[in-house]
Amino acid sequence: MKKSRNSLPSVPAEIRTSLDLPPLWGRLAFLSPEEAEVVSRFEIRKGRIIALSFELGLSRFEEVRGRVESSTRDGDGYFTYSVSFLAPEQSALIRAAIATL
């Protein structure tokens with residue numbers, strides 16, 4: 001995933017891996033309409049479908065579905081995930097919110 005680091009300040013995010021489990025926490029280090037980079041203390045395996053909830057400007061996004069495409073762990077124990085979004089209609093709303101920033 002190629003990204004420009006100046007496009008987004010760190011954004012807190014809630015991560016859901018299952019309806020049966022409590023949400024996890026993390027932050028968005030990068031966001032585009034098609035993908036995100038998520039940093040968290042919690043391990044999520046490659047290929048897993050997750051749902052992200054976060055605020056961007058004046059917009060609140062709930063349960064944005066995505067697939068974990070890759071995962072790396074740093075020396076401090078944090079995981080960084082590349083997530084590709086699955087729903088085109090959610091991507092369109094993210095695109096509109098980014099355009100207002």
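Two residues are in contact when heavy atoms lie within 4.5 Å of each other. Leaving aside its neighbours within four places in sequence, Glu43 is in contact with Phe79 and Tyr81, and we will come back to that residue below. This is a predicted model, in which local features need pLDDT of at least 70 and side-chain atom pairs count only at pLDDT 80 or more, while totals for chains, interfaces and linings use all residues. Residues are numbered from 1 along each chain as its sequence is written, and side-chain values use heavy atoms, with hydrogens and water left out.

**Confidence**

- The predictor's confidence in each residue is given as pLDDT, from 0 to 100.
- The protein chain has an average pLDDT of 92, and 92% of the residues score at least 70.
- Over residues 1-6 the pLDDT is below 50, and this stretch has 11 contacts in the model beyond near neighbours in sequence.

**The barrel**

- Helices (H or I, at least four residues) and strands (E, at least two) are DSSP runs, numbered from the N terminus.
- Two strands pair if DSSP finds at least two bridges between them.
- Strands of a sheet pair through backbone hydrogen bonds, either parallel or antiparallel.
- Six strands make a closed barrel in the order E1-E2-E3-E6-E5-E4, with antiparallel pairing.
- Direction ignored, neighbouring strands of this sheet are turned by 45 degrees against each other on average.
- Axes here are lines fitted to C-alpha atoms, for helices over the stretch in contact, and angles run from 0 to 180 degrees between N-to-C directions.
- Strand E3 (residues 35-40) and E6 are antiparallel and pair over six bridges, with Ala36 opposite Val83 in E6.
- Helix H1 (residues 88-99) packs on the sheet, where it touches strand E2 (24-31), E4, E5 and E6, and its direction makes about 100 degrees with that of E5.

**Hairpins**

- E2 and E3 form a hairpin with three residues between them; four bridges join these antiparallel strands, and Arg27 stands opposite Val39 in E3.
- Strand E4 (residues 49-56) is joined to the antiparallel strand E5 (residues 59-73) by seven bridges, and Leu56 stands opposite Ser59 in E5.
- Two residues separate E4 and E5 in their hairpin, and Gly57 in the turn has a positive phi of about 65 degrees.
- E5 also pairs in the antiparallel sense with strand E6 (residues 79-85), over seven bridges, and Val68 has Val83 as its bridge partner in E6.
- The hairpin of E5 and E6 has five residues between the strands, and Gly77 takes a positive phi near 90 degrees there.

- Most residues other than glycine have a negative phi.
- What is the phi of Glu63? The value is positive, near 55 degrees, in a residue other than glycine.
- Glu63 belongs to strand E5.

**Burial and the core**

- Buried means under 20% relative accessible area, exposed over 50%, and partly exposed in between (1.4 Å probe, protein chains only).
- Why is E3 largely enclosed by the rest of the structure? Five of the six residues of E3 are buried.
- A nonpolar core is a set of buried Ala, Val, Leu, Ile, Met, Phe, Trp, Tyr and Cys residues joined through side-chain atoms within 4.5 Å.
- The largest nonpolar core has 22 residues, of which Leu28, Leu31, Val38, Leu52 and Phe54 touch the most other members.
- Strand E1 (11-16), E2, E3, E4, E5, E6 and H1 each supply at least two residues of this core.

- Rings of Phe, Tyr and Trp (its six-membered ring) pair if their centres lie within 6.5 Å; planes under 30 degrees apart count as stacked, over 60 as edge-to-face and the rest as tilted.
- Three aromatic pairs turn up in a search of the whole structure.
- Trp25 and Phe42 form an edge-to-face pair, 5.6 Å centre to centre with 80 degrees between the planes.
- Trp25 lies in strand E2 and Phe42 in the loop between E3 and E4, so this pair ties together parts that are 17 residues apart in sequence.
- The pair of Phe79 and Tyr81 is stacked, because the ring centres are 6.1 Å apart and the planes lie at 15 degrees.
- Phe79 is buried at 8% relative accessible area, and Tyr81 is buried at 1%.
- Glu43, which contacts Phe79 and Tyr81, is found in the loop between E3 and E4 and counts as exposed at 52% relative accessibility.
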